[in-house]
Amino acid sequence: MSEVVLTETESGAVADFSTDKQTFQVPWGKAMMWFFLLSDTFIFGSFLTGYMTVRMSARDAWPVPSEVFALSFGGDPIPLILIAIMTFILISSSGTMAMAVKMGYRGEKNKAFWLMLATAGFGLMFVSMQAFEWTKLIVDDGVRLWSNPMGASQFGSTFFMITGFHGLHVSAGVIYLIVVARRVKSGFYDRTRGNYEMVEIAGLYWHFVDLVWVFIFAFFYLW
Amino acid sequence: MAYVAIADRDHEIEHHDPTTFITKYVWSQDHKVIAIQYGVTALFVGLIALILSGMMRLQLGFPNSFSFITPIEYYQFITMHGMIMVIFLLTALFLGGFGNYLIPLMIGARDMVFPYMNMVSYWLYLVSVIILLSSFFVTGGPTGAGWTLYPPQAILPGTPGTDWGIVLMLGSLAVFIVAFTMGGLNYVTTILQARARGMTLMRMPLSLWGIFVATILGLLAFPALFVSAVMMTLDKVAGTSFFMPAIMSMGETLSHEGGSPILFQHLFWFFGHPEVYIVALPAFGLVSDLLSTHARRNIFGYRMMVWAILAIGGLSFIVWAHHMYVSGMNPYFGFFFATTTLIIAVPTAIKVYNWVLTLWKGDIHLNTPMLFAIGFIFTFTHGGLTGIFLGNVVVDLPLSDTYFVVAHFHMVMGVSPILVVFGSIYHWYPKITGKMYNETLGKVHFWLTFLGTYAIYLPMHYLGFLGVPRRYFAMGDTEFIPESAFVLNQSITISALFVGVVQLLFLYNIIVSLKKGKPAGPNPWRATTLEWQTPDTPPKHGNWGDNLPVVHRWAYDYSVPGYHEDFIPQNVSPDEAPVTEEHGPDT
């Protein structure tokens, strides 16, 4: 088979992108996950843009976040305490996820397995606390998807829609992590060429969900 | 960590051929079968949309002569016609159909990178089609809000189909978007990561560049539609007020307040404008290959063509509000969006010039695909020029919502892509089926369709200048509309029905040729691209037999001097034939 002749005139970034066979030196699944996350970014971007627009177009007053999202432990209500804990938990889960990826590549299956389970556990805690927060808003404060006794109805609509959509992402991520973790444990990836890229790909998704949370946190709770 | 490309470890991978009828033709993971499933489904719904347009034309040409077309049904026909044609026919056919068929074959791969996901993509698409069509059978019928589905009217009583139609429409779109995302991720990843040895991005046929960039546009634009579908569903079902301002309906104050109808328009057109190019870019790409092959001449300015596709793709995200000049948005936006809109004319004009220059001094074979390709240059130039009118705010204001707009977008994104669809189906039919279609019938189909579309849409420009509004059930007695407009409307209707019936020739041709067509041979057009070099015709599962092809040249080595044939396939090595790769302006 004669050697393949490529164009020699390319240089730098253009050359990187225009080689034959593959553009990025990564497995297919990883490349595809990147493209999916790019697309998903536009979903959350559209959601948040919609939120900002209706917050400006709403005629009634917008509830003050530091009062709505305050929690009392017997004494004075502490603003944003629950959400601070939730955010801390989610960010921590990114840490365990990163360690799981490292352990996966090192071939330490057991550690990778437990770290992934820990990540999934953090995710589950996050979703549970979100359920608690929703319950407080719905039962105690009377906020509904379509109405809000504290002012603009769009507060309830956007809050439940966007945190709900994010919560679905976290829940899906927990299931995804558990599936991959089980496969790590059972040696499934040893049978398929012994690579642990799937751990990293799941990790990409997980970090993305965390990153989205940072934006939701900033726009909903700090604005 | 370095990763070994698929083309370099093909022999390590076991290829399992499907054995049963079900895995071969129904739950198939083969990209070629999925492509045909997509194509047939899309053509089927397209046929429904064509019939709907015929019904609309009957009413417009001969008002009040048909008791079975009421104003309610008229609006439902308009809406379903538009949505089906744009999303469920053109998007699905270009990306799901041609994308699926051509991507792995043209880059020299055995299949898409994730065939299972590809299969699920088709079946979800079918589900979305079924949801959409089911709205014809529910209480109140399908939605009649117009394909743009503008709230508040889309979900308020008084608009047809607010019982179930609008919910089914939004649900169907959401499912379609999930289906498209699964397919689209596959197309992008396959093109970037699974090319054969020697197949650089700058050696890819332009068909793939068009499909590739269009898929990226889809992945970034459909999210906005998804989000607006979710929000409007909540407005309708749960009583939220995302898009609903305080409003009086039927004498009652509604509970909605404080929402932003303009927000929907922004979200919709942030999807809707790239959608125009999701349909147009694959057409640009396919037509380039058709012109080059049948003119036996390399495509003029390949690099420019690629950059033009990329530029159009990028620009298409910053022009969306030119659909909203009359919406009541801040007038200063008009200046920005008119400017960006007119800038798009530059890369588009580059493409048109390059197509014409490809024909220049070519050895033109007026086969059916070539006729359709040349027809496309006419209709696209025509529709593009009226776009320059509408892109300017001051010209758009009087023309907005008239038949001029209808004529413009039907020429530029209705007729033009459809001509390419026909041309491409004729062009690849011998590869897909192994049989040749009937050439005479194909030519008759072209001339009747091409001239017929002009008979339909040219008079519409005139109606638009008269100020005849679009979307009206009947014009009635108005001073500014002269008698001649009614005569024109009749003539348009007759032409439209005629062109609609002519499409039966096409269906007859492709169905009967399956059995009666002459065997086409592996490469009837003597084309250079890889899909014509497969060991079997039609290609078998796995496409390439034992060895993946190796690419040594670009896709346009036609009429190279000093070679005994007037084409050199991409997998012919430089030892056997000279390489004439276009090296760009610097060499």
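In this predicted model, chain B places 49 residues in contact with 43 residues of chain A. The largest nonpolar core has 232 residues. Within chain A, helices α2 and α6 pack with their axes 10 Å apart.

**Where chain B touches chain A**
- Three elements of chain B, α5 (165-193), α6 (206-237) and α7 (261-294), are those that give two or more residues to the side touching chain A.
- Of the elements on that side, α6(B) gives the most, with eight residues.
- By class, the side of chain B that touches chain A holds 27 nonpolar, 16 polar and six charged residues.

**The largest nonpolar core**
- The residues with the most contacts inside this core are M116(A), I107(B) and L208(B).
- Helix α3 of chain B, residues 71-107, supplies the largest share of the core, 24 residues.
- Neighbours within four places in sequence aside, I107(B) is in contact with I191(B), A194(B), R195(B), A196(B), M199(B), M204(B) and L208(B).

**Helices α2 and α6 of chain A**
- Helix α2(A) covers residues 28-57 and helix α6(A) covers residues 153-186, and the angle between them is about 170°.
- Angles over 145 degrees count as roughly antiparallel, and α2(A) and α6(A) are therefore roughly antiparallel to each other.
- On the α2(A) side the contact is made by F47(A), Y51(A), V54(A) and R55(A), and on the α6(A) side by Q154(A), T158(A), I162(A) and F165(A).
- The contact of α2(A) with α6(A) comprises five nonpolar residues, two polar residues and one charged residue.

Note on methods:
Residues numbered from 1 in each chain as written. Chains lettered and ligands numbered in written order. Predicted model: local features only at pLDDT ≥ 70, side-chain atom pairs only at ≥ 80, totals over all residues. Axes fitted to C-alpha atoms, helices over the stretch in contact; angles between N-to-C directions. Helix = DSSP H or I, 4+ residues; strand = E, 2+ residues; numbered from the N terminus. Parallel < 35°, antiparallel > 145°, perpendicular 65-115°, else oblique. Contact = placed C-beta atoms within 7 Å. Nonpolar A, V, L, I, M, F, W, Y, C, P; charged D, E, K, R; others polar. Core = buried A, V, L, I, M, F, W, Y, C linked by C-beta atoms within 7 Å. Buried ≥ 20, exposed ≤ 12 C-beta atoms within 10 Å, placed from the backbone.
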